[in-house]
Amino acid sequence: MITLFALAVLLDVHVHGVVRDTMTREPLHAATIRIVGTTRGAVSDRNGVFHIHDVAADSVLLQISHVGYATKRTVLAVRGRDDVRIEVLLAPSQRRSDEAVVIDSRTSHTSSALPTQHVTELSAAQIDEHRGQTFADVLTRVPGVTVVQTGPSISKPMIHGMMGQRIILRNSGVVQEGQQWGAEHAPEIDPFTPARIAVVKGPASVMYGPNAMGGVIDVLPRPLPRDSVLHGEASANLFSNSGQGAIGGFLEDRVEGDLGVAYRVQGAIRRAGDARTPTYVLGNTGFSESSLGSTIGAGNDELGVTVMGSLYSTTLGVFAGSHLGNAEDLRRAIERGRPSTSPEFGYAITSPRQEISHTLLSVQGHAQLFDDAMLRVTYGWQQNNRSEFDAHNTRIIGPDSAARLQRALQTPAMNLLLTTYTLDTKLEHALADNVRGTAGISAQRQVNDRSGTVFLVPDYVAWGLGGFAYESLMLDNLTLSAGVRYDVRWLDVSLQRRNTTVREEQQRTFASVTASAGALYAINDEQSIGLNIARAWRPPQVNELYANDVHHGSALYEIGDSTLHEERSIGVDATYTLSMRSVEVEATVYANMFDGYILALPDPTRPTITVRGTFPTYRFTQVPALIAGGDVSLRVNVIDEVQAYATASVVRGTDTRAQQPLFLMPSDRARLGMHIHTDDVWGLHDAFVDVSVLGVRRQDRYVVGQDYAPPPAGYALLDASLGGMIDLAPSMQMRVTLSCNNILNTQYRDYLNRYRYFADDPGRNIILRITTMF
């Protein structure tokens, strides 16, 4: 008996295969492969490859599924074989699902954009491999996407030189609404949350309204499970530079029964201390963060409802060296080029700091009205609670002054409570076999309540109403799309000036039309070219109109202009793609022409002096502008296991009236790398090594004397990562990744870091990521 058992173990089979699109033969990332009737399974990697080890059976029934593709089952005979290789071809689904829209058999397209727009999608494996300290960190691997930083813990994504109110962030199907007007107001999303991220680089205002004139970042959750098997994932991250530790995970299951009820619960916590540059510690730059969420869904493809709720909270330290006492201190700090003191590393977070919580509730329902029409309704409720604490809240003298000062420092200098209600209804329809489209109505109500001694943003109530429609015509090798939208925005503002209780009421109304048209032409099975043109607009935001106080998060004094009018643009972009087994190329060129581009310009001759200290002053203004540029990415399979890649992006912003460069445009950058992938090495399955160099040029397109300091020098960073999968048990796998960013500990400053005036960027950072799937 023992001999027979040992022989059975020796004959256990290793199944490994690849999942591809049946038409394009392209590998499919994040396909789910399960052995039916067991908890055994795997997930395909970026090359479509999967492995299932130690299969002890004569034959198994494999179920292979992927979002946007029809699920496939296949019987695999394994008896008498120790190594089984299989290629699985999945056909695009003929029905739209909540997660994907298949526009044409040549291409699987997310619903984040119009059919003719190119979408860059980051898979779960890519997100996990590059997951960083903040949500925005992973997006920097997408050509054309950069981040505006306020120190090491606050990163805000920028697409083609546009950020804030020019791009939108969708979280589980709902547009995230926070105080996103602030450059240091990072997205309130935990880095563990996304299963996939879709990035639309170009105007998407027809689908999402005025604030999508620059693009969309769509955070896509995992689809709820379709099998009644408890499944989960646990992750842990460790960062050497800030001493950060993070853990997160989820559990999900499906309840057997006719209602088709499935659920997921997830959560994460992280804590980081002060960041370190190559030569000193950045005091008070730690943060703590926690998130909790759950999703429950019921129904089927024809009729169903999904309810999702999440709570995110964080406390962020603001670099102490950015808050200065007077104009001379500011001048000396910039000239000195480093903080006057270098504290010991620690986890304490003191003032100045930010405390933010974001609560989101959404209810999404769908109903198949008839064969060619699907109705979708989404209701969203969000509340963003932001408190900013000043290091010098007020000057207190007299008896008990120390105790009263401590109480004052624990009181927010400014609290903003933003509550948003949204209702989106859309009808997806087919006018003919090759004509599909969507029509919809969106409504929004938003209330902002301000309290505290800082009057940066006033109380306001805003309403929005919009209607849109777009259609797509699919021919043999050509897809045409066109859409139009009309939006109106009402704004009621209650202004209160400092040292007075008198309020001034103001009302503003903004309305305009958005339109777009595009074409996608498949040259052959490997090549395509897309062209899009769009007219977009956005109303000026409340801070751009009425700001007049210290913005403690960024250590700036901001002054708005109540005479600003709508910002309008005409955008054109073209994308060429080549996808072959050995070579992949993607190249995009674009141009956006603005009438009334709104920006905040520094006023270095007049820093603002307050009782809290002296701050750089920024004033909002409006200019005609042109933002144009290009992105390119290239991947070459040198051999099956070795892939070389390169990405590059260039952005040029110009004030066309003054014929001078626009302020705060990204520097030219490129990344060159090599990715080595193999099946099994030293017990690691799907093992890989990735080495790359990021080069960033000095921003030489700037107006002399416009800023408080000239742009910093260019730099080059060497990064590397390695990892793979480990089998812990028959139904449990662990993915391990070890990365090192800035291996050479290079001293540098990024032009898009708001603290570049005072301090360097962080130095070497070794990151260990562990994810266990069960």
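What percentage of the contacts with a separation of 6 or more in the protein is accounted for by residues 24 or more positions apart? The share is 67%, where a contact means heavy atoms within 4.5 Å.

This is a predicted model, in which local features need pLDDT of at least 70 and side-chain atom pairs count only at pLDDT 80 or more, while totals for chains, interfaces and linings use all residues. Residues are numbered from 1 along each chain as its sequence is written, and side-chain values use heavy atoms, with hydrogens and water left out.

**View 1. Overall fold of the protein.** The protein has six helices and 46 strands (DSSP runs, H or I of at least four residues for helices and E of at least two for strands, numbered from the N terminus). Of the 774 residues, 54% are buried (under 20% relative accessible area, 1.4 Å probe, protein chains only).

View 2. Strand β28 spans residues 435-452 and includes Arg 450. Arg 450 is buried but forms no salt bridge (a side-chain nitrogen of Lys or Arg within 4 Å of a carboxyl oxygen of Asp or Glu). Asp 459, the nearest side chain of opposite charge, is 4.7 Å away. The Arg 450 side chain reaches the backbone oxygen of Gly 452 at 2.9 Å. Beyond its neighbours within four places in sequence, Arg 450 contacts residues including Met 414, Phe 455 and Gln 496.

**View 3. Ile 766 in strand β46.** Ile 766 lies in strand β46, residues 765-773.

Key:
Buried means under 20% relative accessible area, exposed over 50%, partly exposed in between (1.4 Å probe, protein chains only). Lys and Arg count as positive and Asp and Glu as negative; His and the chain ends are not counted. A polar contact is a pair of N or O atoms within 3.5 Å; within protein, one must be able to donate a hydrogen and the other to accept it, and residues adjacent in sequence count only if both atoms are side-chain atoms.
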